[in-house]
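Hi,

Here is the model I promised to pass on. Have a look at it first, and my notes follow below.

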Amino acid sequence: MKTKEFFGKFVSGYLLGNLLAMALVIVLLCIGVKYGLEWYTHHGEGIVVPKVEGMVYANARTLAEEKGLNIMVTDSGYNKRLPANCILAQSPGEGTTVKEGHTIYVTVNSPSSPSFSIPDVVDNSSYREAEAKLMAIGFKLLPPKYVPGEKDWVYGILSRGRRVSTGDMVSIDSPLTLIIGSGMYDSEEEDFDYVEPGYQQFMTDESATEMDEFEEITEP
């Protein structure tokens with residue numbers, strides 16, 4: 001077989017046709033993948049997230065669904081100046097561009113004030129220490145009530161006139177009053193001599209009886 005005939009088989013019309021067909025299929029696949037992904041992911045399309053913060057949850061959900069978005073409650077808080085189920089925060093924020101079907105995560109206002117456990121401050125800390133711990137939790141403190149005892153030592157806690165103890169759950173809206181020592185003590189606590197009632201009289205009477213038993217002896 002001559003060299004010309006050998007190479008002629010590789011450049012035959014049948015082989016070239018197959019090669020062109022394969023190249024065309026590859027190009028079509030690339031184009032299909034590109035535009036198919038863009039269509040599937042809505043490339044270049046976006047929805048501007050509306051402001052739902054400050055809205056009641058039911059109204060915010062309606063608005064989100066009209067925009068083609070979802071909404072989900074992930075946390076709750078409490079603000080007594082806002083109505084119950086009002087949205088306190090949202091993510092993503094207003095004006096963010098997202099794809100259709102994206103979820104807006106929101107924090108809603110609780111219908112009642114949260115309650116917290118009273119920390120261990122009674123008979124365990126000074127007024128300043130107890131004040132710092134309670135205010136860090138979020139409690140509001142009224143002016144303290146003073147009782148006889150060690151100065152600035154915490155002897156108790158009152159909530160709306162009721163004494164509360166460590167571990168009690170108290171509403172954050174209930175102000176607390178700390179019962180602390182004034183640094184002064186009642187006069188009843190001072191030391192004094194105690195005499196058994198009637199003891200002194202008993203001793204006097206007994207002594208008198210013993211003296212009556214002796215007779216006076218006179219010299220003859």
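Thr 107 sits in strand S5 (strands are DSSP E runs of at least two residues, helices are H or I runs of at least four, both numbered from the N terminus). Thr 107 counts as buried because its relative accessibility is 19%, and buried means under 20% relative accessible area, with exposed being over 50% and partly exposed in between (1.4 Å probe, protein chains only). Leaving out neighbours within four places in sequence, Thr 107 is in contact with Asp 75, Ser 76, Gly 77, Cys 86, Ile 87, Leu 88 and Ala 89, where contact means heavy atoms within 4.5 Å. Ala 89 is also the bridge partner of Thr 107.

Before I go on, the ground rules: this is a predicted model, so local features need pLDDT of at least 70 and side-chain atom pairs count only at pLDDT 80 or more, while totals for chains, interfaces and linings use all residues. Numbering starts from 1 along each chain as its sequence is written, and side-chain values use heavy atoms, with hydrogens and water left out.

Back to S5. Six of its seven residues are buried, so the strand is mostly covered. What order do the strands of its sheet come in? The order is S2-S5-S3, in an open sheet of three strands with mixed pairing (two strands pair if DSSP finds at least two bridges between them). S2 (70-77) and S3 (87-91) are the edge strands, each pairing on one side only. From one strand to the next, the twist averages 25 degrees (axes are lines fitted to C-alpha atoms, for helices over the stretch in contact, and angles run from 0 to 180 degrees between N-to-C directions).

The two pairings go like this:

- S2 and S5 run parallel and are joined by seven bridges; Met 72 stands opposite Tyr 105 of S5.
- S3 and S5 (residues 103-109) are antiparallel, over four bridges; here Gln 90 stands opposite Val 106.

Helix H3 (residues 57-66) packs on this sheet and touches S2, S3 and S5. The direction of H3 makes about 155 degrees with that of S2.

Next, the loop between S4 (97-98) and S5, which is where you'll find Gly 101. Gly 101 is partly exposed, at 36% relative accessible area. Not counting residues up to four places away in sequence, Gly 101 touches Gly 68, Leu 69 and Asn 70. Gly 101 and Lys 67 are 34 residues apart in sequence, yet 8.9 Å apart in space, C-alpha to C-alpha.

Val 27 belongs to helix H2 (residues 13-41) and is partly exposed, with a relative accessible area of 44%.

Finally, the totals. The protein has five helices and 11 strands, and 20% of its 220 residues count as buried. Among contacts with a separation of 6 or more, 69% are between residues 24 or more positions apart. The accessible surface comes to about 16,400 Å², 57% of it belonging to carbon and sulfur atoms (Shrake-Rupley method with a 1.4 Å probe; for residues, only the protein chains shown count as cover).

Cheers
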